[in-house]
Amino acid sequence: MIIVVRSQADSDERARLIEVLGRMLGTLRPLTVTRMREREVITLDDSVLDALALDELRRQSAVEEIVQVQTPYKLVSRAFQAVDTVVTVGEGRDCEPVTIGAGTPVVMAGPCAVESREQLLTTARAVKTAGAQILRGGAFKPRTSPYQFQGLGLEGLELLAEARALTGLPVITEVMEPALVETVAQYADVLQIGARNMQNFPLLLAAGRQSRGKPVMLKRGLSSTIEEWLLAAEYIVAAGNPNVILCERGVRSFDPQTRNMLDLACVPLLHQLTHLPVIVDPSHATGRRDLVHPMSRAGIAAGAAGLILEVHPDPNVALCDGKQSITPQELHTIVQETRLMAQLMGGAFLAEQVA
Ligand code: PEP
Ligand code: MN
């Protein structure tokens, strides 16, 4: 249940509402107070409340509206918010702001990992020339083995800021620990939470509370259900950050031919379940350079709000994920094709929204 608090309610009326809720729920069931854009909302699991309790809540003067949402995720649900969330990236920074979820697909691209100044700046220029709008690059890398390259850390963040100043592209990079959320948000325009951390709850809360207004891109966990993924997004939104982008990057399967199995059906399904924008990562989903272009097409055709692609000037010498990294030339082709597909599909999208 989501209780929308009346904006003119005074502190006594609010306190009374919280007191009534506290009495109904007891001490073990949390209720979360969130400022969601202009509205203050209180979200709770209402399975324990009966009709009488509901009536009493409705009578509280601080209550503007009670929205009953049947799914376990509430604030991110389409049932609560019918209109699409549009996420603005890079506002107020030395770059060109980009909107995600506004109808035109956005391409984010860059190396898996920031390896050196030269590698990053060369790639950043190529990404800009290819027409992509956001630069990606990992500074803190969640590597399967402790003996693999772990990323440049803070130095990588500084290089990303330099690349932004040079190209005017906003940057996205991964944050792996709660204590680093504020630092990463100081440099990055979007915080990425990786597949391995999708259910790192302290990290989700920190990304909700301490991201300095920066959007968060939440990747789907290695074997996560759509409901688990949406509940992870709910943590971030309930903690105070409504700017969440979901990223489908494939899930574990039985077949080693591809790195993961790209679940494209989740894209139109998520459009029904949530108002958050969904983008597709064909690089991690397939693990194969030769499949990135066709699956980029497929992602856009499925209605994704954008793509995130790994690009390297010389994929064969990449320190991380070279096998799935495309060249700047291939990126150019994908960006061009994405634009054409968006034009072609524009009419269909509009028709769908009007219906
Ligand atoms: C990445 O995008 O660099 C990454 C590590 O991806 P994932 O978390 O999807 O494996
Ligand atoms: Mn990678």
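Residues are called buried under 20% relative accessible area, exposed over 50%, and partly exposed in between, with a 1.4 Å probe and protein chains only. By that scale Arg259, at 36% relative accessibility, counts as partly exposed. The model is predicted, so local features need pLDDT of at least 70 and side-chain atom pairs count only at pLDDT 80 or more, while totals for chains, interfaces and linings use all residues. Residues are numbered from 1 along each chain as its sequence is written, chains are lettered from A and ligands numbered from 1 in the order in which they are written, and side-chain values use heavy atoms, with hydrogens and water left out.

Four protein donors, Cys112 (SG), His284 (NE2), Glu310 (OE) and Asp321 (OD), lie 2.0 to 2.4 Å from the manganese ion (ligand 2). Donors here are N, O and S atoms within 2.8 Å of the metal (3.2 Å for Na, K and Ca); water is not among the atoms, so sites may look incomplete. Along the chain, the donors of the manganese ion (ligand 2) follow the spacing C-x171-H-x25-E-x10-D. Cys112 sits in the loop between strand E7 (106-110) and helix H3 (117-130), and Asp321 in the loop between strand E14 (306-310) and helix H11 (328-354), so this pair ties together parts that are 209 residues apart in sequence. Helices (H or I, at least four residues) and strands (E, at least two) are DSSP runs, numbered from the N terminus. Cys112 and Asp321 are both buried, Asp321 with a relative accessible area of 19%.

Asp321 takes part in a salt bridge with Arg259, the closest N and O atoms being 3.2 Å apart; a salt bridge is a side-chain nitrogen of Lys or Arg within 4 Å of a carboxyl oxygen of Asp or Glu. Arg259 belongs to the loop between strand E12 (244-248) and helix H8 (266-273) and Asp321 to the loop between E14 and H11, so the pair links parts that are 62 residues apart in sequence. Asp281 is found in the loop between strand E13 (278-280) and helix H9 (282-286) and counts as buried at 0% relative accessibility. Leaving aside neighbours within four places in sequence, Asp281 is in contact (heavy atoms within 4.5 Å) with Lys219, Cys247, Glu248, Arg249 and Ile308.

Pro111 is found in the loop between E7 and H3. With a relative accessible area of 0%, Pro111 is buried. Beyond its neighbours within four places in sequence, Pro111 is in contact with residues including Gln119, Leu120, Arg136 and Val311. Pro111 and Ala318 are 207 residues apart in sequence, yet 8.3 Å apart in space, C-alpha to C-alpha.

Across the whole structure, 18 salt bridges are found. One of them joins the side chains of Arg117 and Glu162 (2.4 Å, N to O). Arg117 lies in helix H3 and Glu162 in helix H4 (residues 154-167), so parts 45 residues apart in sequence are tied together. Arg117 is partly exposed at 48% relative accessibility, and Glu162 is partly exposed at 29%. Another salt bridge links the side chains of Arg78 and Asp84 (2.7 Å, N to O); here Arg78 counts as buried at 19% relative accessibility, whereas Asp84 is partly exposed at 34%.

Turning to the domains, the assignment (automatic or from a database) gives domain 1 (2-67) and domain 2 (87-348). Their centres, taken over C-alpha atoms, are separated by 36 Å. Six residues from domain 1 and seven residues from domain 2 make up the contact. Together the domains bury about 470 Å², 58% of it on carbon and sulfur atoms, buried area being the accessible area (1.4 Å probe) that two parts lose on being put together, summed over both. In domain 1, Thr34, Met36 and Arg37 lose the most area to domain 2, together 73% of what that side buries. Between domain 1 and domain 2 the count is zero salt bridges, while two residue pairs are in polar contact across the interface (both at pLDDT 80 or more). Strand E2 (residues 32-36) gives the most to the side of domain 1 that touches domain 2, with four residues.

Terms used: Polar contact = N/O pair within 3.5 Å; in protein donor to acceptor, adjacent residues only side chain to side chain.
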